[in-house]
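This report describes aromatic contacts, charge–ring contacts and selected secondary-structure elements. The structure is shown first, and the description follows.

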Amino acid sequence: MEKKYQINTEENRAFLKEIREGLFAFGHRFPSLGGSAYYLGDDGTPWKERNRETYVTCRMAHVYSIGMFLGHEGSAELVDEALRGLAGELEDKEHGGWYAGLTADGRNLPDKQCYAHAFVILAASSALLAGRTGARELLEKAIRLYDLRFWNEAEGLACDTWNTEFTVLDDYRGLNANMHSVEAFLAAADVLKDEMYRGRAGRIIEKVTGWAENNEWRIPEHFTEKWEAVLTYNQEKPDDPFKPYGATPGHGIEWARLITQWALSAHRDDKEAADRYVKAAENLYCRAVADAWNADGAPGICYTTDWQGKPVVHDRMHWTLAEAINTAAVLYRVTGKENYAADYAQFMAYLDSIVLDHVNGSWYHQLDEKNQLKETVWPGKADLYHALQATLIPYYAPDVSIAVAVKERRAVSS
């Protein structure tokens, strides 16, 4: 295996830096006139006929906040553009909260999503860390709204979707929004120095690890309003971009990293307690990789499997690879087990040979089971969030949110 794919080599660090700089350059054209993020096409050209979504705008604010810490030219202005969109055309001044997004002609998309609101908290936390004007007010407003509409203190979990006016709450409950709520809470805890949010993340994690352990470490994703798992949800639409049928190995991998981050930060002085959650994270990661990596004779991580681990949707989404790179590196750092370093090298080689677009930039967002470009779920290259973080998380402290780690230069030494 080439050195540039191996963790803890100078060649690998240089490879990731090259990818990172390319990603930052690729995303510069995202801001619309109102600040909300255009969906980016294959070469970074804005696709102005598509919706401009809140979560994408938040991701770009987060990415270029990190860009500021790394000295990427133009990052501050790009963060400010995204913040302008979040404080302007994407915010519902009448009913509160943030629209899911806007259509190309400026109409509001219906419903208020926990998923999008979690990303507002993440974006505002990173922008506050970067010292941007309006970021503190945005974060305070986002947290107040989230607490009022989405967080259920009795359940220790978040609901999913309201109508636009916040008068009707959908019966669906799901873990995708809760996963990104964990990410947002950990960022808010680190930035605001408020451990309440880390405690909330832990309450969600307790539920998720329990459900996963009782289901052979394949995480149920979809639930009723009483948090009863619906294992057949979306069986007729198995490749849904946010609510696919069955187990989503990429989410098992992503949860594993977030659980590890939480465990190391919440149990800094109790190694035995932290280790219990790290073991759960290992179980999630290993189950997902065993089920989905190279499961059909070609490299790549299948998008979904059934509840016995058999692939259902064979497509490879770029974000699953990004999270696999992150989590393999984090688990190697925390456990020292060489199998995670070996996995990391495999994933890096696959990224370089198949998923990186060496001509137009960024990463191909969707490939089929033969690793040919496919654009049924994720056409174009919407944003930079997953890919950018995969160039950083492998070399930064695993017990802290990535924006904080980068700003404070909390890189690992080896």
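## Aromatic pairs and selected elements

Both W293 and F347 are buried. The model discussed here is predicted. These two residues form an edge-to-face aromatic pair, with 5.0 Å from centre to centre and 80° between the planes. The pair links distant parts of the chain, since W293 lies in the loop between helix 9 (271–292) and strand 11 (302–305), F347 lies in helix 11 (residues 338–355), and 54 residues separate them.

Across the whole structure, a search finds 25 aromatic pairs. One of them is formed by F119 and Y385, again edge-to-face, at 5.4 Å centre to centre with 85° between the planes. Here too, distant parts of the chain are linked: F119 belongs to helix 4 (residues 114–129) and Y385 to helix 12 (residues 385–390), 266 residues apart. F119 counts as buried because its relative accessibility is 1%, under the 20% cut-off. Y385 likewise counts as buried because its relative accessibility is 0%.

The geometry of the two pairs is set out below.

| Pair | Centre to centre | Angle between planes |
|---|---|---|
| F119 and Y385 | 5.4 Å | 85° |
| W293 and F347 | 5.0 Å | 80° |

Ring pairs also build a cluster, which links Y146, F150, W151, W162, F166, F185 and Y197.

Charged side chains are placed over aromatic faces as well. R50 lies over the face of Y39, at 4.1 Å from the ring centre. K243 lies over the face of Y172, at 4.0 Å from the ring centre.

Which way do strand 11 and strand 12 run relative to each other, parallel or antiparallel? They run antiparallel, and three bridges join strand 11 to strand 12 (residues 311–317). C302 has R316, in strand 12, as its bridge partner. The hairpin of these strands has five residues between them, and G309 in this hairpin takes a positive phi near 90°.

Helix 8 (residues 249–266) consists of 18 residues. From its first C-alpha to its last, helix 8 reaches 25 Å, close to the 26 Å expected at 1.5 Å a residue. This helix is mostly covered, with 16 of its 18 residues buried.

Methods: Residues are numbered from 1 along each chain as its sequence is written. This is a predicted model: local features need pLDDT of at least 70, side-chain atom pairs count only at pLDDT 80 or more; totals for chains, interfaces and linings use all residues. Side-chain values use heavy atoms; hydrogens and water are left out. Rings of Phe, Tyr and Trp (its six-membered ring) pair if their centres lie within 6.5 Å; planes under 30 degrees apart count as stacked, over 60 as edge-to-face and the rest as tilted. Helices (H or I, at least four residues) and strands (E, at least two) are DSSP runs, numbered from the N terminus. Buried means under 20% relative accessible area, exposed over 50%, partly exposed in between (1.4 Å probe, protein chains only). A charge sits over a ring if NZ of Lys or CZ of Arg is within 6 Å of the ring centre and within 35 degrees of the ring normal. Two strands pair if DSSP finds at least two bridges between them. The expected span of a helix is 1.5 Å times one less than its number of residues.
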